[in-house]
Structures are given as structure tokens and as C-alpha cells.
Amino acid sequence: MKNSLTIPRTLLPALLGMLLLTGCDDGSNEQPLADTPESALQQAREAALYDEVDSLNYLNDQAAKRAQQTETEALEEWNSPQAFAARSALRTGEYDFTPPPTPPVSRPGQLLNLPPVSSPRFTVRDRQWPVAGEVSIAMWSQDKLSAFSISIDDNHVQDHPFWFEMGERYGWKWTWFVIANQVGWGAHDHWGHWQLVQDKGHDVQTHTYSHLCDALFYTYREYRQSQVVIDQNVEGARVVAMGYPFGLNTNKAGSPCAPLTSARTQNDRTQAARYFLAARDVYGALTSPARIDFLNVPSVSSARNFLNADAPWAYFDSTLDPASNNWRSWYSAHFHGLYAQTDKDYVVQILDHLKNREADVWVGSFTAVARYAQEFATARITNLQQGSNSTRFEVRDDMNDGWFDEPLTLKLRLPEGSTTASATQQGVAIPARVVTHAGNVYALVDAKPDQGVVAINY
Ligand SMILES: [Zn+2]
């Protein structure tokens with residue numbers, strides 16, 4: 001019943017409250033399921049969908065307000081220092097058009113993404129401490145126990161200063177999933193805003209061309225055209241990941257695009273697999289790190305229940321608990337607009353929680369984590385040769401070499417007496433450090449798969 005309703009934004013909090021209180025059995029005669037984990041998870045999914053609807057309605061409201069500006073007000077906005085700064089960020093004098101290269105094709109040994117699995121891809125183990133003469137591949141960057149990423153959907157440019165400040169305060173990077181056709185030449189949402197995101201070292205990816213809200217656009221154009229348009233307008237961007245608008249199942253209930261139901265306005269994972277190394281859902285429970293579906297990465301909307309031990313599908317510390325199925329997993333959280341100060345305070349609370357656990361948690365962009373996870377799942381060490389003061393080897397994976405260049409953290413036990421190490425790949429210095437464990441010294445180096453011989457010198 002609720003699936004066919006268009007719900008005014010102002011009613012959403014009340015409706016959501018009702019759902020949380022009563023469960024959502026749609027008037028059937030079944031017993032309310034409010035106390036079962038399934039029902040609680042279902043409620044979390046509903047909440048995630050309302051986040052998306054709320055976000056789109058907010059952006060619509062803002063656009064409507066702008067449309068009511070007088071010409072003088074519009075001119076004032078255009079001439080404001082903020083708008084000028086945004087326009088100045090654009091590079092001038094570059095008029096030549098280079099047609100985008102055809103995207104690569106997935107093939108064995110050069111996969112664009114991993115297919116879903118019914119059994120685990122690998123055994124989840126604790127940190128490895130290899131014996132002398134062996135190199136181990138860390139499950140997450142810097143040998144952390146679990147991974148965490150934040151992505152932000154739907155062009156909420158008004159929150160950029162907050163997210164930039166958070167990125168600088170904590171030293172982490174975020175991923176923005178951008179709706180390409182919403183970026184225009186007005187002061188409110190401009191390619192200069194997204195160039196700034198990129199230039200600050202954050203990650204710009206796609207949330208499709210029109211958010212599946214254009215009746216004339218086929219899904220492949222939603223995906224491919226947005227990828228090309230963002231790549232062409234944001235210098236340095238490399239769009240290889242997508243946030244599915246409305247989630248993979250394209251649940252548009254309550255949104256301004258709800259009337260668009262034709263097949264061409266639905267998500268399509270087969271199409272997604274042609275253009276992206278990973279695609280993110282709008283809701284979902286944490287899963288084992290060995291079973292992540294990279295074309296439907298589960299994500300916790302608004303990081304709801306991040307600190308709630310009674311909600312194992314979204315409780316962050318479960319990724320650090322060896323007794324949990326979520327042990328060592330990737331926690332993907334996503335946000336839309338942060339409309340109130342309390343929303344921002346909650347983000348700070350989460351980031352503080354992660355900072356306190358930074359020795360065990362890798363906080364990376366969505367795309368960096370998606371790259372690392374797929375490299376790791378297919379990686380191996382080959383051609384290992386041990387000398388008296390260096391060890392040489394290659395690290396190989398099955399993923400596309402152009403798309404997958406996130407360095408893997410590799411660990412080598414140093415011979416007795418060695419306490420320092422340096423490393424190169426193809427003769428170029430790469431990061432190296434040493435750690436001590438149970439009286440032995442290990443080198444940790446970061447090398448890219450399939451990019452040449454690694455030498456660790458000690
Ligand atoms: Zn969205």
C-alpha cells in the first residue's frame with residue numbers, strides 16, 4: 001500500500017515513526033514482527049529509502065526556491081563571492097574535445113569486477129605473521145583489521161564545507177556520488193564545486209545522469225553518460241564506481257520520480273558491471289568480507305545503529321569482533337544532506353569513534369576500499385627470490401590493470417638482526433616501514449599489483 005503513495009516530505013518523520021513503532025505488515029493479519037531481527041532489518045531498509053526520498057525532496061525544494069528568485073536576487077547570487085570563487089575554480093581556455101576512450105572489457109585476468117559468490121572467496125583470518133622467507137598480503141591497507149568508507153549522495157553542495165573540514169580534521173577522504181545532470185552553471189551547484197572536491201583529494205563518482213528520473217534515458221546512458229560527463233568536467237576524476245539511485249531494486253516510492261516505472265528507468269546490474277568496478281546499494285546489512293557483492297555493496301544509510309550493539313547488521317564494532325560474522329568486514333556508510341546540527345554532531349561522533357580505533361580500522365574512500373578488496377581476493381605472490389640483504393618478488397591479481405592500482409600492503413619477516421627496511425617497485429621507491437611482533441621484525445610495504453618487481457632491502 002505505501003509503495004503506491006507519494007508521501008509529502010513533511011509527513012516522512014511521522015510515517016517513519018509509525019513504521020518503527022508498529023512494524024510494517026501492510027495490514028495483513030500476521031503478528032507484528034517488531035521484535036525479530038528480520039523486522040528490525042526491514043525497518044532499517046525503510047529508513048534508508050526515506051533518507052533517499054527526503055534528500056531528493058530537499059533538493060527539489062531548493063530548486064523551487066531558486067526559481068522564485070527575482071532577477072535581481074539571481075544576479076546577486078551570481079555575483080556573490082562564493083559564486084565567483086566557484087567559477088574561478090574552473091580552468092579556462094580548454095576548448096578541445098577528446099572523445100572518451102571506450103571502456104575496457106572484462107576478461108579473465110583483467111576483470112572489471114568480481115562476480116557474486118555463494119561460498120566465501122577466502123578464509124577470513126587474523127593478521128598474518130609470515131615465517132622467514134614468505135610474503136603475506138594484508139587483508140586491508142596498512143594491515144588494518146577492518147575497513148570503513150563514507151559516501152555522500154545527491155549533490156548536497158551546501159554540506160561541502162562541513163565534509164572538507166571533517167576530512168582535514170581526521171585525515172580521511174570521502175566519496176561523492178554525483179547526479180551529473182544536476183550540475184549546472186548556477187552558483188548553487190557548479191562543476192567548480194566538484195573540481196574542488198577532487199582537488200582536495202576526495203573522490204568524485206557517479207550517482208547516474210538523472211537519478212533515473214528522466215523517462216527518455218535508457219539505463220546504460222544513465223550509467224555511461226554520467227561517467228563520461230563527470231570525467232570530462234572534473235579534471236583528474238576517474239569515474240569507476242556508482243551509487244545506485246534508489247538502490248539496486250529502484251524503489252522510488254514517495255520520491256518525485258515515483259511515476260517513472262518503465263524498464264528503462266530501472267537499475268540494471270548487468271549494465272553496471274560493464275562500466276563500474278563497484279556499485280553501492282542504499283541499504284543493506286554488513287556481510288562477511290569474503291562474500292561482498294561488489295555490484296551491490298551493502299551500505300548503512302546515515303550510519304544508523306553504528307554504535308548500537310543490538311543491531312548487528314549495522315554495529316561498527318562487530319567488524320573488530322572475531323566472534324562476529326562481520327569480523328574484518330568493510331563497513332560502508334552513506335549520507336545525503338545533513339540538514340540539522342544534530343546530523344553533523346552524529347557524524348563527528350562516528351568519526352571520533354573510528355579515530356579511537358584507527359590502529360585497527362582503515363578509513364578509505366569507497367572506491368579505494370572496493371579496489372583493495374577485489375585485488376586482495378585474487379592476489380598472490382610470485383617469483384619470490386630471497387637474497388642475503390634483499391627479497392624480490394611480484395604481486396599479481398586478476399583485476400584490470402588500468403582500473404585497479406590501489407597499493408596492497410605486503411608483509412615480510414626480516415632476517416635476524418635486521419631492524420630497518422626500504423623498498424622499490426620497478427626501481428621506484430615505495431612506502432616501507434617495520435613493525436615488531438613476538439620478537440620478530442617485519443617489513444610492511446605498499447605495492448601495486450601487476451606493476452613490476454618489488455624489492456625489499458634490509
Ligand atoms: Zn540518491
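Mentor: The crossing of α5 and α9 is right-handed. Keep in mind that this is a predicted model. Start with the two elements. Helix α5 covers residues 160–170, and helix α9 covers residues 341–356. Their axes come within 12 Å. The crossing angle is roughly 20 degrees. Angles under 35 degrees count as roughly parallel, and α5 and α9 are therefore roughly parallel to each other.

Now the side chains at the crossing. From α5, the contact is made by F162, M166 and Y170. From α9, the residues are K344, V347, L351 and K355. Sort them by class. The contact of α5 with α9 has five nonpolar residues and two charged ones.

For context, turn to a sheet elsewhere in the chain numbering. Five strands make an open sheet, in the order β10-β11-β17-β13-β14. The pairing is antiparallel. The edges belong to β10 (380–386) and β14 (428–430). Each has a single partner strand, so one side of each is left without a neighbour in the sheet. From one strand to the next, the twist averages 30 degrees.

β10 pairs with strand β11, residues 390–396, in the antiparallel sense. Five bridges join β10 and β11.

Key:
Residues are numbered from 1 along each chain as its sequence is written. This is a predicted model: local features need pLDDT of at least 70, side-chain atom pairs count only at pLDDT 80 or more; totals for chains, interfaces and linings use all residues. Two strands pair if DSSP finds at least two bridges between them. Helices (H or I, at least four residues) and strands (E, at least two) are DSSP runs, numbered from the N terminus. Axes are lines fitted to C-alpha atoms, for helices over the stretch in contact, and angles run from 0 to 180 degrees between N-to-C directions. Angles under 35 degrees count as roughly parallel, over 145 as roughly antiparallel, 65 to 115 as roughly perpendicular and the rest as oblique. A crossing is left-handed if the near helix is turned anticlockwise from the far one by less than a right angle, and right-handed if clockwise. Two residues are in contact if their C-beta atoms, placed from the backbone, lie within 7 Å. Ala, Val, Leu, Ile, Met, Phe, Trp, Tyr, Cys and Pro count as nonpolar, Asp, Glu, Lys and Arg as charged, and the others, Gly among them, as polar.
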